There are 2 protein chains.
Amino acid sequence: MPNSHEVVARYWAAAEARRWDEFAALVAEDVVYELPQSRERVHGRDAYVRFNVEGFPGEWHLVVERIVAEGSHAASWIEFTAEGRSQPGVCFFDINDEGQIVKITDFWPDPYDAPPTRAHLVERY
Amino acid sequence: MPNSHEVVARYWAAAEARRWDEFAALVAEDVVYELPQSRERVHGRDAYVRFNVEGFPGEWHLVVERIVAEGSHAASWIEFTAEGRSQPGVCFFDINDEGQIVKITDFWPDPYDAPPTRAHLVERY
């Protein structure tokens with residue numbers, strides 16, 4: 001059983017450092033990446049590395065807030081900063097017996113206005 | 001060490017079944033619940049149960065897509081359906097030595113349009 005926590009930690013460290021060869025080695029050749037919010041999908045290691053390199057051409061940085069791993073599954077919460085704006089990103093990972101990532105489901109939660117209907121039930125921060 | 005995976009599974013089962021006494025017993029008396037997207041926060045078990053009961057008055061259902069747990073941390077991905085609309089919800093949990101949830105960070109990723117700038121790098125589904 002791979003150490004899925006370590007695999008995901010190395011994945012984010014490689015991305016932040018733009019060590020794309022190391023990043024590529026951490027994902028399986030037939031990796032599937034999905035963005036359920038926009039219903040975009042990328043198939044395969046080469047296409048996925050290209051998506052990361054060419055899809056985000058500007059300056060960006062990420063900080064890992066949390067990684068949680070259990071067996072062949074993992075989840076991460078990062079803070080991603082680009083063009084002076086920071087936002088959370090949440091991923092769920094499937095990892096194979098060789099310690100390679102075979103599936104990534106990626107969520108980007110955007111800010112929204114607090115609903116007035118529940119203002120009496122919450123505080124703001 | 002509590003079985004954090006089981007704690008979160010019971011938390012969602014209790015919510016779906018509206019077993020609010022069981023739900024309340026799974027969170028610590030000083031639980032903190034945060035929604036980073038709207039910067040809303042709820043402090044304490046009683047307020048948090050009230051938030052769940054009164055904050056979502058209509059019909060709703062949830063299905064657990066994934067739970068990942070590691071030590072005192074867990075993450076979940078659910079599909080939440082209300083008023084005919086389904087959307088993912090992602091939570092990160094902190095769990096204390098007594099197996100009670102002490103912190104919940106809750107994300108609700110909304111649909112967004114696929115950016116045309118990366119249309120050549122993805123397929124749609």
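## A tour of the A–B interface

Start by selecting β2 of chain A together with β7 of chain B (residues 123-124): these strands run antiparallel and are joined by 2 bridges. Keep in mind as you go that this is a predicted model. Within that pairing, pick A:Glu40 and look across to β7(B), where B:Arg124 stands opposite.

Next, show the side chains of A:Glu123 and B:Arg41. They form a salt bridge, with 3.6 Å from N to O. In total, 6 salt bridges are counted between chain A and chain B.

Now colour the side of chain A that touches chain B.

Zoom out to take in both partners. The area buried between them is about 4,600 Å², with 58% coming from carbon and sulfur atoms. Across this interface there are 24 residue pairs in polar contact, both residues at pLDDT 80 or more.

For the last stop, centre on A:Val90 in strand β5 of chain A. Is A:Val90 buried or exposed? Its relative accessible area is 0%, so A:Val90 is buried. Leaving aside neighbours within four places in sequence, its contacts include A:Ser76, A:Thr105 and A:Phe107 in its own chain, and B:Val90, B:Phe92 and B:Phe107 from chain B.

Notes
Residues are numbered from 1 along each chain as its sequence is written. Chains are lettered from A and ligands numbered from 1 in the order in which they are written. This is a predicted model: local features need pLDDT of at least 70, side-chain atom pairs count only at pLDDT 80 or more; totals for chains, interfaces and linings use all residues. Side-chain values use heavy atoms; hydrogens and water are left out. Buried area is the accessible area (1.4 Å probe) that two parts lose on being put together, summed over both. A salt bridge is a side-chain nitrogen of Lys or Arg within 4 Å of a carboxyl oxygen of Asp or Glu. A polar contact is a pair of N or O atoms within 3.5 Å; within protein, one must be able to donate a hydrogen and the other to accept it, and residues adjacent in sequence count only if both atoms are side-chain atoms. Two strands pair if DSSP finds at least two bridges between them. Helices (H or I, at least four residues) and strands (E, at least two) are DSSP runs, numbered from the N terminus. Buried means under 20% relative accessible area, exposed over 50%, partly exposed in between (1.4 Å probe, protein chains only). Contact means heavy atoms within 4.5 Å.
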